[in-house]
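Have the sequence and the 3D view side by side. The paragraphs below lead from a sheet to the spaces in the fold.

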Amino acid sequence: MATPMKIALVWNHRSRLLDCSFRFEQYLAGFEALGHDTMVVCDQASSQGFDGPLQIVEDATQLEDPAFWQATGADVAVIVTWHRMSTVLQAMQSAGSRVIAITDTDGQIGLRAFPRISLQRMLVYQTTWLDRLKCLKYWTTRILADIAQPSPEDQEFVASTRASDAVIFGNSVARSNFQHFLRGANAATLGQRLHVVPFTIGDALLNCPVPAAKDDRVVAIGRWSDPQKDAGLLEAALAKFLDQRAGTEIILLGSGGEPWFADLAERNPRLRYLGIRQQADVARELSTARAIVFSSRWEGSPHAGLEALASGATLVGPAIPSLASWSETGRYGTVTTSRRPRDLAGALRQEMEAWDAGHRDAHQISSHWRQLLEPEAVCRAMLAALAPTPSS
């Protein structure tokens, strides 16, 4: 067994630990199974209702003080950064802690490195043509300015990477994307710090029994009011799919879906919108379903995709980095480069036909992914990413 260490799991975001997708209780269990003394560092509001060892901070500025980290005695600090928080990371390193930064992005960051997706992410939240024109003007101005000098945002992305001993991505395509950004930022040597380790997931998803024969059912999960999820694309694709394919049921989970799915559910009894459900209910739905379908415009490392794979279900959706990586060229699902409803419907139909033909094995899928996503395996992989430390 490796030398026991003191590990701090850090949450520097304004939400409760219990409300975020990152499963702190699973990381606590994973590091403790490896023999390490582990605690969660967060503010009082974030800690509400969480059952586990805690180090409470008065406010977020404490995390920027090396003296605080010296007092914790943490050998390793694990923190979700989204490529930011460089001041916090520098304080950790100054105190002697080694930093594992979890990005939870698809690596497509930086206006110069990824101009098209950057523009898309701005435009999708604009509701009027005037706002879209203003957004386009702002994007153009920023692109021109970034040619002359790196933007403060790009500089922060590099600084955050430099202040991290290991930078964790949830999939290989995301890591490749960020390597592209680093090359454009003249920081390619920092690419040595980038590693791929998936998120772990809730215990119910790792232990729910998987039947030998899956029901002819597809699940979709999302915060449907968020334009990122593109509920309109999913609604149009499902309408076409249900017309083309007899027998398959569709279960929709998550908040905000009524405006998109209520009418379709009323017209077609094979589609049910169930809204928000507890983790155990989600586990039961995924364990009996053949596939999960996404319509997202972008994702970092969506927990729902990993939860489905651990439940023996396959992936269907646009070829965003996570799905493209995890599907492994068709082994674990079907993705499409097009965002047209007919093509997403076609990908769904193709995946159901693969199940019909016996080309999918729910137990093999579940066994493979549960081994990767088990908390101890995830935590071991993250610690392995710390050695050796690159000198850049």
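What follows takes the sheet, then a pocket, then a cavity.

This is a predicted model, in which local features need pLDDT of at least 70, side-chain atom pairs count only at pLDDT 80 or more, and totals for chains, interfaces and linings use all residues. Residues are numbered from 1 along each chain as its sequence is written, and side-chain values use heavy atoms, with hydrogens and water left out.

Start with the open sheet. Six strands run in the order β10-β9-β8-β11-β12-β13, with parallel pairing. The edges are β10 (271–275) and β13 (333–336); each has a single partner strand, so one side of each is left without a neighbour in the sheet. From one strand to the next, the twist averages 20 degrees. Helices (H or I, at least four residues) and strands (E, at least two) are DSSP runs, numbered from the N terminus. Two strands pair if DSSP finds at least two bridges between them.

Strand β12 (residues 314–318) pairs with β13 in the parallel sense over four bridges. Val 316 stands opposite Thr 334 in β13.

A helix covers part of the sheet. Helix α12 (residues 279–288) lies across β8, β9 (249–253), β10 and β11 (291–293). Its angle to β8 is about 140 degrees. Axes are lines fitted to C-alpha atoms, for helices over the stretch in contact (heavy atoms within 4.5 Å). Angles run from 0 to 180 degrees between N-to-C directions.

Arg 297 and Arg 339 lead on to the second largest pocket. With Arg 116, Ile 117 and Gln 120, they lie nearest its centre, among 16 lining residues. Helix α5 (residues 115–123) gives the most to this lining, with three residues. The volume is about 390 Å³. On a 1 Å grid over the protein atoms alone, a pocket is an open set of points with protein on both sides within 12 Å along at least five of seven lines; lining residues have an atom within 4 Å of a point.

A cavity is a set of grid points where a 1.4 Å probe fits but cannot get out. The largest cavity has a volume of about 40 Å³. Its lining includes Ile 102, Phe 169 and Ser 301.

How values were computed:
Points joined across faces, edges and corners; volume = space filled by probe spheres on them.
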